[in-house]
Amino acid sequence: MRIRESLLLLCFTVFLMTDCSTFTAKYRTYERNMHRLKALSCKSELTIKENGKKELTAVLRTDYLPGTAITGEIKKRDEAGNDFSFVIQKIKLSASSVKGYNFGECTASGSINFKKEGNVFESLVIEKMEVLEVLKADIRYNDYYYRGNEGKKRLQERINRITETVKFLKTGEMRKIYSNLLFKTVEGESFKKDISVILFPEIYGFENLKRKNLLDEDFDISELKVPNDMILIDEMIWRKSYTNKIFPEILQKIRNSGSMFRDYEEALDIFFILYNLDYYFDGIINNCKWNKIELN
Amino acid sequence: MGGNNLSIRGGDTEGLTTLLDGFIVRYPYQWSGMYSIFTPNVVDSVKFSAGIFSAKCGFATSALMEVNSLTPDEGFKIMAMTSLADSEIYIQTPLWKNSGLLLGGRFIYYDLVNLLMRGAASSMGASLNSQYLRDGYFKWFWKPTEKVEWYINGFFGSDGINMDSSSMRGMSDESGISNSFNLDYYNYDTFWNTGFKILPNDKLFIHFFTGYEYLTQGYAGSTGYKGSQKYSDAFRAYYENLRLLNPALPDITGIDSFSINSDSYMKSSKILHSIQTRGDIDFSLHEKAMMSVGGGGIFDFNKSGSSGSMWGFVWENGSPVYKKMEYSSEDEDKQILTTFLYFNFNINIIPEILKIETGFRIEHNVLFGEGYHVNTYPIPGPRFNLTYTPIRNLKFLDSLSFSGGIGLFSKAPDVSYLSKEMGLKDFDVSVPKTLTTVVGTELKFPIGLSFKIEGYYKYVFNRYYVTTSGSGEDMDYDIHTDGIGHAAGFDLTFEKSFSRWLDGSITYSFIFAKLLNPYGSDSDSTTMGGEPAGIWFYPSYHKFHNFNVILNIRPASWCTITPKFVLSSGAPERETSTETEQSYGILDDGQVAEVYTSQTESKYNDSMRDDLNFQFDLKLSFGSFIPRTKLKWELFASVENLFVFLYSPSESGGGGVNLFTGKSQTSSGAKYSAQIPTPNFGLKFEF
């Protein structure tokens, strides 16, 4: 596969020309509330194709999970194609930062049923999506590249750490779902701003943390006035007392070692994706209406 | 060949040698040392050793730069950059399993910068040179198995500078004769080498390669006089007196002026063909000891020549006559065969606390050409280095180390002056040597801070210099290898390694260096290279103090400000005096020209120095990856020599006297570089 990739645009074009997939249908939905509030257009799109073996495959892309492509197979439940299941098999991730990127492909599980009701299709989440094992990874930070097994190991560890961090964030008072990673919307503050004050108040301000009241716990800033409270890692200072008070044990070492901040700096997109994932499947596309916009 | 004028710790400028994966690159510079041929996009790592380097490496007397090329094993990558003065593109691609290719190209031009700066340069009386630089890079590798790697490195580079000062030297108030000057300097270099790295087992590593380099440098130029000039009253009086003594001289009564139209041409070139091969074997004798053995050879084939047709005054029948003189010299082919053998030990006596590196190499040179064949005595090269780290892993101090070493270094001399007329026999030529000792200490602190001080003393002996005897066609060249010298000093380095906020280094060097060419009868004697003979002197490249600061300031992760500050004391300046005399000349068409002859005396002066050199460069860059892609962009703007308007050191040499007015004038060489800040901005993409 690497050889093909390397033969630049020419081979890519040839590959496209010789791809025997046949475009079959495209389904699109807009999240109703967002649309009404004139927030950023948050759409989800399911594209179904038929491959050379006459098998139906699908790709789900959504603005709630930017930089991802959720792929799987389509199982028809009637001959007309008005009732089918989308069985999730993989997810592709692409996240970049100022200094590098994290690209990867993971196995995944989950299932969504689509059924035609009148002029639209209604979706019902049968099995919630879960990200499982990293199959491929390509990581860069400055001039360091991690690929192959080393890349897979690093991305898997990063996803595991972020998954735990996201679980912790959901115990607080953050919104259920965010439609924008970096910018403020009519719903409120951006995802980045909210998690940054919870995870790293040493940088983004304890005052902001108190004012925003995003934690489900009282945290007294005066508690920080304890001896030997500071840890210096990667030229950043972290407060042990805050870590110990706020974070579950599994995350304390991750934060105090600087790994959490590195993940935040290098893979903020993955925080956003993993945070929104549950809510997207529970709240957005469960019982959601889709328009079939194009047919072969 | 060439010269970068880079002296390391008081050493000769030829004493620095650069290796690319072990292959000696003879002239890794372009634009006379302004640029290195290596760019970060083709280089994996660089190790610079100014002290005692391993017995594995030779052919250097002051320092060694070991460059390791990038192995294109990171999949498909592309980097493209364009700016006002520079365009570069590098592509890495895998070919087949465990094989990759890197192709790169760099093109530097100053046309757009010159266009921007033309007005400023003109107002400051500086001329802007037209210059170009074109480089191509190639690296291929293949690992047929995990334990074998085959690679090919290739480079082709060409650069040149055109100095055209015709417009700067137009007609003066007194003279209607303009002087034009044009010079094209060129430098072409290509080298290719191929080698194998084999790891038969975990205790043995074998590396061998062979390669070829072709390097040619030279210039072609022209200078001329064109126009007419009225005779001055003083000249008429002077000439009439001469005619009273010599009535055969042409009469200029009733003639107002003379006119001239002459063009002189000259060209010169040097060519080097070099073939190198070497093999190295590393044995792991013990978990604490590594032994290396190896050997190899270098065959250099040198050729040089020059030719031209120059107009000038020569004495004929008692009068100076303006004549065109043709000259041509095709130097004989001159070769050097150098062979070497070495062994080296790396021993960690107490791991992480006490380690030594010691070794011995022996080199042999044969110098030969048409009519001569000179063997030199084999040169021993013992080396010893010790590092002791008594303190480690304290809360506020990572480590404290002491180091010391001693070594003997040598490098074969320039053979361009050798000829059969010298009657050289075996062992008549000694190879220049330097005995170096160093002692230093280094402190490493947490968060990447380090402080290092290293002092050194060098004794230079068997220095090579050339003197002349006789004149004109009877001039003889005499080779001497009895030059000696002392160099001592210390380097201070304060460094902060990569940081998210601020990193960089501050360095200061103090250097003392004096040399002696014993052959010379009086203090006015000089060698062919212009060095004094018979007295101790500071070499022309010597500077007592060098202070450098380079910082990377990152106010935000996407923004870097890079100031660079260089301050150094002046190099030795020669004491010059010029005496001008009125004279006359008979032009080729019989006209009488009013001319002024001048005689310039240049003498070494121990206390005279050029001005302090000061330079401040500033670069500002912004960059990031485009969201959810592997595409990185960077926008940058820079200014070199930002404060040159406020302070510009004087440049020695380059003065002269106008042939037709006798007035002092600035020669073409005095301000050939623009004494104005050089701006640049550009955009870079990386995928």
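This briefing walks through selected features of chains A and B. The model is predicted, so please read every value here as computed from it. In chain A the secondary structure comes to 11 helices and 11 strands, and in chain B the stretch described here is a run of paired strands, with β22(B) joined to β21(B) and to β23(B).

**Chain A overall**

- Chain A has 296 residues, and 33% of them are buried.
- Among contacts in chain A with a separation of 6 or more, 55% are between residues 24 or more positions apart.

**Helices α4 and α10 of chain A**

- Helix α4(A) covers residues 148–169 and helix α10(A) covers residues 259–266; their axes come within 11 Å and cross at roughly 100°.
- Because angles of 65 to 115 degrees count as roughly perpendicular, α4(A) is roughly perpendicular to α10(A).
- From α4(A), the contact is made by Arg158(A), Arg161(A), Ile162(A) and Thr165(A).
- The α10(A) side of the contact consists of Ser259(A), Met260(A) and Asp263(A).
- Sorted by class, the contact of these two helices has 3 charged, 2 polar and 2 nonpolar residues.

**A look at Glu122 of chain A**

- You will find Glu122(A) in strand β7(A), which spans residues 120–141.
- Glu122(A) has 15 other C-beta atoms within 10 Å; a residue needs 20 or more to be buried and 12 or fewer to be exposed, so Glu122(A) is partly exposed.
- Setting aside neighbours within four places in sequence, Glu122(A) is in contact with Lys115(A), Glu117(A), Asn287(A) and Lys289(A).
- Ile159(A) is 37 residues from Glu122(A) along the chain, and the C-alpha atoms of the two are separated by 31 Å.

Conventions: Residues numbered from 1 in each chain as written. Chains lettered and ligands numbered in written order. Predicted model: local features only at pLDDT ≥ 70, side-chain atom pairs only at ≥ 80, totals over all residues. Pairing = 2+ DSSP bridges. Helix = DSSP H or I, 4+ residues; strand = E, 2+ residues; numbered from the N terminus. Contact = placed C-beta atoms within 7 Å. Axes fitted to C-alpha atoms, helices over the stretch in contact; angles between N-to-C directions. Parallel < 35°, antiparallel > 145°, perpendicular 65-115°, else oblique. Nonpolar A, V, L, I, M, F, W, Y, C, P; charged D, E, K, R; others polar.
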